[in-house]
There are 2 protein chains.
Amino acid sequence: MTAAGFAYRHLFARDLPPPAPPWRGFPKYNFIGGHNDPLRIPSTAMAEAASAVLQRDGTRLALYNFDGPQGYRPLREFVVAKAAQRPAITCSVDDVLITSGSGQGIDLVNQLLLEPGDTVILEEFTYGGALTKLRRLGVNIIGAPLDEDGLDIDALARVLEDLGSKGVTPKYIYTIPTIQNPTGSILPLERRQRLLALTRQHRVPVFEDECYADLTWDGSGPPSLYSLDPQQVIHIGSFSKTLAPSLRLGYMVAGPDVMSQLVACKREMDSGTGALDQMVVAEYFSQSFGEHVGGLSETLHEKLDTMVDAVEREFGTAVEKMWYPKGGIFLWLKLPDRVDVTKLVVPAASAGIAFNPGPEWSCNPAVTKSHLRLCFALPSKDVIREGVAAFARVCFEETGLPERSANIRRSAQN
Amino acid sequence: MTAAGFAYRHLFARDLPPPAPPWRGFPKYNFIGGHNDPLRIPSTAMAEAASAVLQRDGTRLALYNFDGPQGYRPLREFVVAKAAQRPAITCSVDDVLITSGSGQGIDLVNQLLLEPGDTVILEEFTYGGALTKLRRLGVNIIGAPLDEDGLDIDALARVLEDLGSKGVTPKYIYTIPTIQNPTGSILPLERRQRLLALTRQHRVPVFEDECYADLTWDGSGPPSLYSLDPQQVIHIGSFSKTLAPSLRLGYMVAGPDVMSQLVACKREMDSGTGALDQMVVAEYFSQSFGEHVGGLSETLHEKLDTMVDAVEREFGTAVEKMWYPKGGIFLWLKLPDRVDVTKLVVPAASAGIAFNPGPEWSCNPAVTKSHLRLCFALPSKDVIREGVAAFARVCFEETGLPERSANIRRSAQN
């Protein structure tokens with residue numbers, strides 16, 4: 001029956017992403033992605049939590065969305081309790097929607113507010129996944145300037161005025177105020193207040209992504225934008241960063257008008273978020289959240305310092321600018337203008353190195369060709385040191401920079 | 001700061017689904033949805049499986065998609081082993097993609113093949129969720145006639161010829177050949193072979209949904225369409241029906257050209273399917289699948305018989321036609337033409353009863369107003385008996401049918 005063959009390719013829809021190549025495993029020096037430290041996954045405690053919650057609540061799995069379409073109630077209760085602390089959010093379980101990762105939160109806000117041709121404002125350097133989603137939706141992306149403390153509010157005011165003079169009101173401003181991705185900054189309280197006043201004046205919703213906000217080095221941070229103005233702000237967060245990325249669990253906090261619409265959109269998007277992931281996280285984090293994120297942040301801070309040391313040693317003055325993050329899992333760097341990092345991707349991959357080229361993390365890819373992002377949560381300290389040295393070697397071979405590579409010096413000494 | 005208020009509603013995109021009402025819990029007589037029997041959830045065995053797999057593989061949760069973008073390898077290995085048995089599919093782990101429920105499988109096939117204005121063929125009565133997704137995509141839906149053995153192949157040939165005479169080639173035919181939803185039929189082998197020959201001649205892909213295929217009363221069934229022609233068929237299945245719906249786990253089987261594109265589309269849709277759900281199902285089902293589905297099918301068969309008895313007792317001759325299913329979790333009925341079941345939804349809800357009105361499960365809603373679907377996996381036998389009686393009472397009050405309700409007779413005797 002298969003003699004005639006049956007070709008699918010000509011039947012495919014237009015505008016699909018390119019087909020995925022066969023998966024060959026992870027690179028040796030894996031400096032991309034939101035992976036976490038394997039030694040900080042509390043396997044035994046999670047096993048105990050899973051066993052306890054399944055013994056107690058297992059039969060409830062027989063029903064779709066057994067606590068309603070907003071997710072497992074004990075997990076929403078945990079979000080409420082957690083939010084009351086650090087980001088100082090006062091909310092109830094009715095204001096919380098559990099999502100299949102914070103990426104689904106972004107999809108839901110985009111579905112709620114955006115149509116092709118709309119305009120949105122993002123931070124000039126921002127989460128690549130958000131950019132990819134927006135580009136596929138055909139919306140106009142405007143970058144707002146950042147400095148070492150996050151959004152430059154005066155510059156943002158000029159962006160809004162400029163758009164206003166053209167009759168354009170952006171559909172939202174997407175911001176990562178606490179541990180900005182990729183620069184790792186924390187927006188000070190005074191700027192948060194000015195941001196809210198400015199966007200309120202222009203009637204622009206604020207879309208706040210707090211994916212990394214629980215992982216600050218000092219365990220604190222200013223109140224979230226949502227806590228300062230629950231009416232105007234849609235807030236998303238994640239358990240992928242604080243516990244384990246492969247769990248695919250995030251959450252949204254929003255007022256009733258927005259929430260009722262988000263719930264309806266999520267219902268069409270899936271039939272609920274996986275219950276076991278929700279149950280185990282609720283069970284474990286209800287007991288151990290503070291202790292867990294404290295220990296994880298300490299580990300991440302040490303790994304960051306290992307990576308900063310390695311970058312300084314291996315790249316020296318070839319690093320024109322380094323943003324030292326105040327938490328999180330990534331380091332954002334700028335090499336000299338004459339280094340086009342997009343040309344390093346293939347040779348780096350041949351040497352077992354993966355990194356995020358700046359253009360993928362930028363509203364204006366053309367002017368970010370010398371930037372790059374290195375993630376440090378997954379690799380061990382030894383792998384960080386080796387990998388950064390190997391990356392410097394690739395960079396030197398391709399561009400002549402760093403000019404006097406420490407590796408070359410070391411080789412000469414041997 | 002909130003004095004001025006901030007209204008979102010005028011910012012919402014067009015064409016959103018209606019906002020979700022606040023969730024008030026489940027109805028007492030819940031005859032809708034793919035829920036399962038709570039007493040058949042193996043809580044203790046799942047607790048043991050979760051504990052074992054987390055102790056062994058927990059640290060791997062630190063990486064997104066730690067076995068690659070197609071899902072947890074032991075779960076794919078289980079799908080390969082399971083598929084080799086009942087549906088007689090010969091495939092490798094590279095041909096299997098784990099999805100966040102089989103609904104995501106439908107979304108992925110739709111993204112792969114469909115553009116607005118395209119035409120697809122579905123069975124005249126079919127899964128409501130598939131219809132909802134297709135209507136939102138703006139494609140033309142053509143219904144193909146069913147009889148007690150599933151698709152009527154001669155009638156399908158006429159549908160294809162008619163479309164062909166208009167220059168229309170459908171993008172796929174979506175079929176649920178084993179435990180058709182909602183009629184519960186099983187397509188005989190000879191019809192499967194004719195279906196494949198016919199669609200191959202017309203160059204139409206076949207999209208096979210085997211969500212319920214593991215739950216036949218006699219534990220068997222003809223080979224899947226995929227096993228008969230892997231080149232032409234895309235196959236999806238689910239663990240939501242065989243184990244627990246709130247786990248949100250399904251799978252797809254497809255050849256390399258289609259698979260590489262599905263993987264790319266899924267990567268944009270989410271960042272992987274929740275790992276804990278995958279790990280626990282792989283651990284439990286690798287040991288206990290046959291025993292589990294055997295016991296579950298037995299329970300479901302008993303509940304079906306309870307429901308059939310109740311319907312016959314309470315509705316009598318007011319049931320014009322009843323499709324006795326060969327497996328699964330639902331019963332499809334037709335009342336006399338003068339009963340419009342859509343008008344029963346609100347009064348039934350007031351009496352604590354939820355059912356699926358026929359138009360939601362039909363390509364031609366206007367001609368299915370007297371049909372309805374009743375799911376029997378979740379409620380206990382007592383609840384089934386009480387609920388069907390209560391439903392007959394509502395139906396009598398609204399329509400005068402069933403003419404001499406058993407309830408009324410019973411009341412008269414008391």
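I started at Ser43(B): leaving aside neighbours within four places in sequence, it is in contact (heavy atoms within 4.5 Å) with Leu54(A), Gly58(A) and Thr59(A). A polar atom of the Ser43(B) side chain lies 3.3 Å from the backbone nitrogen of Thr59(A). Ser43(B) sits in helix 1 (residues 43–57) of chain B; helices (H or I, at least four residues) and strands (E, at least two) are DSSP runs, numbered from the N terminus. Buried or exposed? Ser43(B) counts as buried, because its relative accessibility is 10% and the cut-off is under 20% (1.4 Å probe, protein chains only).

Ground rules for my notes: this is a predicted model, with local features needing pLDDT of at least 70 and side-chain atom pairs counting only at pLDDT 80 or more, while totals for chains, interfaces and linings use all residues. Residues are numbered from 1 along each chain as written, chains are lettered from A, and side-chain values use heavy atoms, leaving out hydrogens and water.

Next I looked up helix 2 (residues 73–85) and helix 9 (residues 275–315) of chain B: their axes come within 8 Å and cross at roughly 35°. The axes are lines fitted to C-alpha atoms over the stretch in contact, with angles from 0 to 180 degrees between N-to-C directions. On the helix 2 side I found Pro74(B), Leu75(B), Phe78(B) and Lys82(B); helix 9 brings residues including Phe285(B) and Phe289(B).

Last, I checked the sheet: four strands of chain B form an open, antiparallel sheet in the order 11-12-15-14. Strands pair if DSSP finds at least two bridges, and strands 11 and 12 of chain B have three. Trp323(B) stands opposite Trp332(B) in strand 12 of chain B.

Conventions:
Buried means under 20% relative accessible area, exposed over 50%, partly exposed in between (1.4 Å probe, protein chains only). A polar contact is a pair of N or O atoms within 3.5 Å; within protein, one must be able to donate a hydrogen and the other to accept it, and residues adjacent in sequence count only if both atoms are side-chain atoms.
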